[in-house]
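Here is a short note for a colleague who is new to this entry. Please read the points in order, with the model open beside them.

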Amino acid sequence: MTIEVARRFLLWCTVIDYGALLVWFLVFVFAHEWMRRIHGKWFQLAPEQFDALHYAGMSIFKIGILLFNLVPLVALSILG
């Protein structure tokens with residue numbers, strides 16, 4: 001595998017992951033009550049807990065994207 005192939009792979013991973021994060025955020029903002037009803041069938045969470053868990057989940061996912069996709073992409077771009 002060449003550096004160029006790895007860079008393109010990481011670029012597409014970053015784009016897809018940020019797309020998934022954007023969809024998650026948009027559904028959370030515009031279909032909040034629907035999401036709460038769906039999750040409420042499985043878990044007994046207060047609205048504040050539900051919001052905090054989703055905010056934390058989005059934050060952890062975003063940090064994961066940065067650490068595992070974006071940083072290696074920048075490093076390979078500097079190398080190549």
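1. Terms and basis. Helices (H or I, at least four residues) and strands (E, at least two) are DSSP runs, numbered from the N terminus. The model is predicted, so local features need pLDDT of at least 70 and side-chain atom pairs count only at pLDDT 80 or more, while totals for chains, interfaces and linings use all residues. Residues are numbered from 1 along each chain as its sequence is written, and side-chain values use heavy atoms, with hydrogens and water left out.

2. The loop residue Ala46. Ala46 sits in the loop between H2 and H3. Its relative accessible area is 32%, so Ala46 is partly exposed. (Buried means under 20% relative accessible area, exposed over 50%, partly exposed in between, with a 1.4 Å probe and protein chains only.) Ala46 and Arg36 are 10 residues apart in sequence. Their C-alpha atoms are 9.5 Å apart in space.

3. Helix H1. How far apart are the end C-alpha atoms of H1? They are 40 Å apart. At 1.5 Å a residue, its 28 residues should span 40 Å, so the two values agree. (The expected span is 1.5 Å times one less than the number of residues.) The buried residues of H1 are Ala6, Arg7, Leu10, Cys13, Thr14, Leu21 and Phe28. H2 and H3 are among what covers them.

4. Thr14. This residue belongs to helix H1. Thr14 is buried, at 7% relative accessible area. Neighbours within four places in sequence aside, Thr14 is in contact with Ile65, Asn69, Leu70 and Leu73.

5. Helix H3. H3 covers residues 47–79. Its 33 residues should span 48 Å at 1.5 Å a residue, and its end C-alpha atoms are 47 Å apart, which agrees. H3 still bends by about 35° at Leu66.

6. H1 against H2. At what angle do H1 and H2 pack? The angle is about 95°, and the axes are 5 Å apart. (Axes are lines fitted to C-alpha atoms, for helices over the stretch in contact, and angles run from 0 to 180 degrees between N-to-C directions.) H1 and H2 are therefore roughly perpendicular. (Angles under 35 degrees count as roughly parallel, over 145 as roughly antiparallel, 65 to 115 as roughly perpendicular and the rest as oblique.) H1 contributes Trp24, Val27, Phe28, Val29 and Phe30 to the contact, and H2 contributes His32, Trp34 and Met35.

7. H2 against H3. These helices pack at about 100°, with their axes 11 Å apart. So H2 is roughly perpendicular to H3. His32, Met35, Arg36 and His39 of H2 meet Pro47, Phe50, Asp51 and His54 of H3.

8. Phe50. Residues up to four places away in sequence aside, Phe50 touches Phe28, His32, Met35, Arg36, His39 and Leu45.

9. Met58. Met58 is another residue of helix H3. Met58 is buried, at 12% relative accessible area. Beyond four places in sequence, Met58 is in contact with Leu21, Trp24, Phe25 and Phe28. Met58 and Trp24 are 34 residues apart in sequence, yet 7.9 Å apart from C-alpha to C-alpha.

10. The structure holds two aromatic pairs. In one of them, Trp24 and Phe61 are tilted, at 6.4 Å centre to centre and 55° between the planes. Trp24 lies in H1 and Phe61 in H3, so the pair ties together parts 37 residues apart in sequence. (Rings of Phe, Tyr and Trp, the last by its six-membered ring, pair if their centres lie within 6.5 Å; planes under 30 degrees apart count as stacked, over 60 as edge-to-face and the rest as tilted.) Trp24 is partly exposed at 26%, and Phe61 is partly exposed at 29%.

Technical notes:
The bend at a residue is the angle between axes fitted to the seven residues ending there and the seven starting there. Contact means heavy atoms within 4.5 Å.
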